[in-house]
Amino acid sequence: MQYQIKGTITPHLEIQLGPGDTVFTESGSMAWMDESIEMNTGGSGGLGGMFGRVISGESAFVTKFSSPSGGGMVAFAPEAPGNIIPIELGAGESIIAQKDAFMVAEESVTFEITFNRKLGAGLFGGEGFIMQKFTGPGTMFAAIGGEVQEYDLASGQTLKVDTGYLAMFEPSVTYDIQRVKGVRNMLFGGEGLFLATVTGPGKVWLQRMPLSNLAGAIMRFLPKPGSGGD
């Protein structure tokens with residue numbers, strides 16, 4: 001398998017499939033493809049895998065793309081402006097991502113849901129306490145909203161993050177939720193009552209334009225029901 005990431009503000013991913021290559025994605029994520037590409041949609045990972053995708057907010061089905069004739073191109077595009085990040089996973093290596101980050105992966109990559117260890121993170125952590133874990137071998141591609149900021153945290157180093165901006169992190173990073181200190185900060189700070197804390201060692205990927213923030217900004221300009229707008 002070979003790939004190219006093309007474009008800047010609104011990039012897309014082109015994957016050239018060779019004999020025996022197969023990639024999978026959530027249903028409806030393909031942008032265009034050669035006529036030699038075969039597309040097959042169905043469940044993956046048995047009932048457990050399908051159930052995991054549903055409760056993590058994704059479709060129960062995945063779509064697989066292959067080229068039985070021995071070659072062909074298939075392209076994928078993210079839902080919003082941003083960046084496409086390739087993650088090369090060795091055998092047994094994993095990455096944890098928030099539910100909107102997954103774009104496409106090689107068939108050899110396994111997917112499962114993962115629960116944060118702290119109940120507080122589940123109740124108050126914006127993205128919920130269910131996240132997605134991808135394990136190699138193989139390449140997984142993540143779609144990250146806006147520009148990307150990477151931090152390689154040292155052991156014990158902690159970063160406080162608005163939960164929507166946390167896109168991915170390595171399994172060695174611990175994730176928790178802390179309440180914002182100070183009544184005025186909580187009521188008038190505009191950042192919500194809780195912030196995510198990520199503690200090293202390990203790498204963290206932050207996104208500068210979460211999809212939820214973009215949707216909220218667009219909603220402010222849409223006419224409200226019953227407002228009489230054109």
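The following legends describe close-up views of a predicted model.

View 1. Thr197 lies in strand β18, which spans residues 194-199. The relative accessibility of Thr197 is 5%, so this residue counts as buried.

**View 2. Salt bridge between Lys6 and Glu14.** The structure as a whole contains three salt bridges, and one of them is described here. The closest N and O atoms of Lys6 and Glu14 are 3.1 Å apart. Lys6 is partly exposed, at a relative accessible area of 33%, whereas Glu14 is buried, at 17% relative accessibility.

**View 3. Salt bridge between Glu107 and Lys64.** The side chains of Glu107 and Lys64 form a salt bridge with an N to O distance of 3.2 Å. Because Glu107 is in the loop between β10 (102-106) and β11 (110-115) and Lys64 is in strand β6 (residues 62-66), the pair ties together parts that are 43 residues apart in sequence. Glu107 is partly exposed at 41% relative accessibility, and Lys64 is partly exposed at 28%.

**View 4. Salt bridge between Lys203 and Glu150.** In the salt bridge of Lys203 with Glu150, the closest N and O atoms are 3.7 Å apart. Lys203 belongs to strand β19 (residues 202-207) and Glu150 to strand β14 (residues 148-153); the pair thus links distant parts of the chain, 53 residues apart. Lys203 has a relative accessible area of 27% and is partly exposed; Glu150, at 40%, is partly exposed.

Technical notes
Residues numbered from 1 in each chain as written. Predicted model: local features only at pLDDT ≥ 70, side-chain atom pairs only at ≥ 80, totals over all residues. Heavy atoms only, no water. Helix = DSSP H or I, 4+ residues; strand = E, 2+ residues; numbered from the N terminus. Buried < 20%, exposed > 50% of the residue type's maximum accessible area, 1.4 Å probe, protein only. Salt bridge = Lys/Arg side-chain N within 4 Å of Asp/Glu carboxyl O.
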